[in-house]
Amino acid sequence: MLFDDIEVLLVLSKAKSLSQAAGQLYMSRPGLSQKIAAIEKQLGTSLINRTSTGISLTQAGKVAVKFAQNMADMERVMASQIAAIDEHFPANITVGMSYADGVTLLPRLVALYVRENPEARVHLDAGYEPELVQKLKDGELDFAILENQPTEPGIVTEVLGYKRLVFLAPDKAPYNQAVGSVPIETLLKWPMIVYEWHSGRHMVGNRHFRERYGLSLRDHNMVGCFDTHEAMVEGVKAGLGWATLPECIASRYRNEPGIIRFKVATDTMWYPVSLTWPSSCSPSDEARDFANFVRENIPEGYFANSTEAQLRS
């Protein structure tokens, strides 16, 4: 069946008469009749009923229209995918970025880099650490900025600096009634929102409490597991419970109504932010140049490079 046959069937399914259908198809009525006859001959059955009051589909016609609609949908998908071949972004540098520090740092660094290198075309691929690590190993990324990423086969990791997690809670009792640092025993009783499970971010706090107090996540009063920082913040604002967020995320909500920061009677929870690349292949000259640019242009004061941060991360 040809593409124009599909169009004829779809128009006939909604038209009240051959004259109306012919007008919509910009055909003469005799020409449309000949077209219908050719389709019916090809399918070996009658597709429309002709009466003095108009036209209607036969049972075979209804089946043919159903398949014609499916074919029309497939035609649109095909056209879209063919168009995408010429419409893709011609990146010469592809970089993975974590949803916290990666998203905070890289867009501005790309802007600075492109001003100095107008020919650069950078694709920033945001994702969770396990997903980005796999893309590094598969050769889909030149390098990535990841958080709390342990060394593993197939990737090389260079720590750029250290950031901390911040405690956020609803601005209501009992959270806003706490005086001074909240004891661990109290924190364990308060409802807790956990970050996306497969990201590994929750493991920063988990490791912290496990190593210092022998506590696991099961010892916390977990009430929700949210897949984005934005969802966590909205959960806190709604009063669901407290959460820990990267400092770069928490700073965006510093003056947000309904949210407070609070301190806990424990050490600061640090995590490393790393420049990571695959060990199996050498980066292109463009990617190597941009990676060096990233190292040299991290905003001053963004990272804590203190001995405490390194020892406790």
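Leaving aside neighbours within four places in sequence, Asp5 is in contact with Lys35, Ile39 and Gln42, contact meaning heavy atoms within 4.5 Å. The model is predicted: local features need pLDDT of at least 70, side-chain atom pairs count only at pLDDT 80 or more, and totals for chains, interfaces and linings use all residues. Residues are numbered from 1 along each chain as its sequence is written, and side-chain values use heavy atoms, with hydrogens and water left out.

Asp5 lies in helix H1. Helices (H or I, at least four residues) and strands (E, at least two) are DSSP runs, numbered from the N terminus. Asp5 has a relative accessible area of 5% and is therefore buried. Buried means under 20% relative accessible area, exposed over 50%, and partly exposed in between (1.4 Å probe, protein chains only).

Two packed helices are described by the angle between their axes and the distance between the axes. Axes are lines fitted to C-alpha atoms, for helices over the stretch in contact, and angles run from 0 to 180 degrees between N-to-C directions. The axes of H1 and helix H3 (residues 29-43) cross at roughly 105° and come within 11 Å. H1 and H3 are therefore roughly perpendicular to each other. Angles of 65 to 115 degrees get this label; those under 35 count as roughly parallel, those over 145 as roughly antiparallel, and the rest as oblique. From H1, the contact takes in Asp4, Asp5, Val8 and Leu12; from H3, Leu32, Lys35, Ile36, Ile39 and Gln42. Five of the residues in this contact of H1 with H3 are nonpolar, one is polar and three are charged. Here Ala, Val, Leu, Ile, Met, Phe, Trp, Tyr, Cys and Pro count as nonpolar, Asp, Glu, Lys and Arg as charged, and the others, Gly among them, as polar.

Helix H1 (residues 3-12) also packs with helix H4 (residues 59-87), at an angle of about 130° and with the axes 9 Å apart. That angle makes H1 oblique to H4. The crossing of H1 and H4 is left-handed. A crossing is left-handed if the near helix is turned anticlockwise from the far one by less than a right angle, and right-handed if clockwise. Phe3, Ile6, Leu9 and Leu10 in H1 meet residues of H4 including Ala64, Val65, Met71 and Met78. The contact of H1 with H4 divides into ten nonpolar residues, one polar and one charged.

The axes of helix H5 (residues 101-116) and helix H11 (residues 285-296) cross at roughly 120° and come within 10 Å. This crossing of H5 and H11 is right-handed. Among the residues of H5 that meet H11 are Leu106, Leu109 and Tyr113; H11 contributes residues including Phe290, Phe293 and Val294. Eight residues of the contact of H5 with H11 are nonpolar, none is polar and three are charged.

The largest nonpolar core has 60 residues, and Leu187, Trp242, Phe262, Phe290 and Val294 have the most contacts inside it. A nonpolar core is a set of buried Ala, Val, Leu, Ile, Met, Phe, Trp, Tyr and Cys residues joined through side-chain atoms within 4.5 Å. E6 supplies the largest share of this core, six residues. Apart from this core lies another, of 20 residues, among them Ile6, Ile39, Ile48 and Ala64.

Phe262 touches residues including Phe167, Leu187 and Trp242, not counting residues up to four places away in sequence. Ala178 and Phe262 are 84 residues apart in sequence, yet 8.3 Å apart in space, C-alpha to C-alpha. Ala178 sits in the loop between strand E6 (155-170) and helix H7 (184-189).
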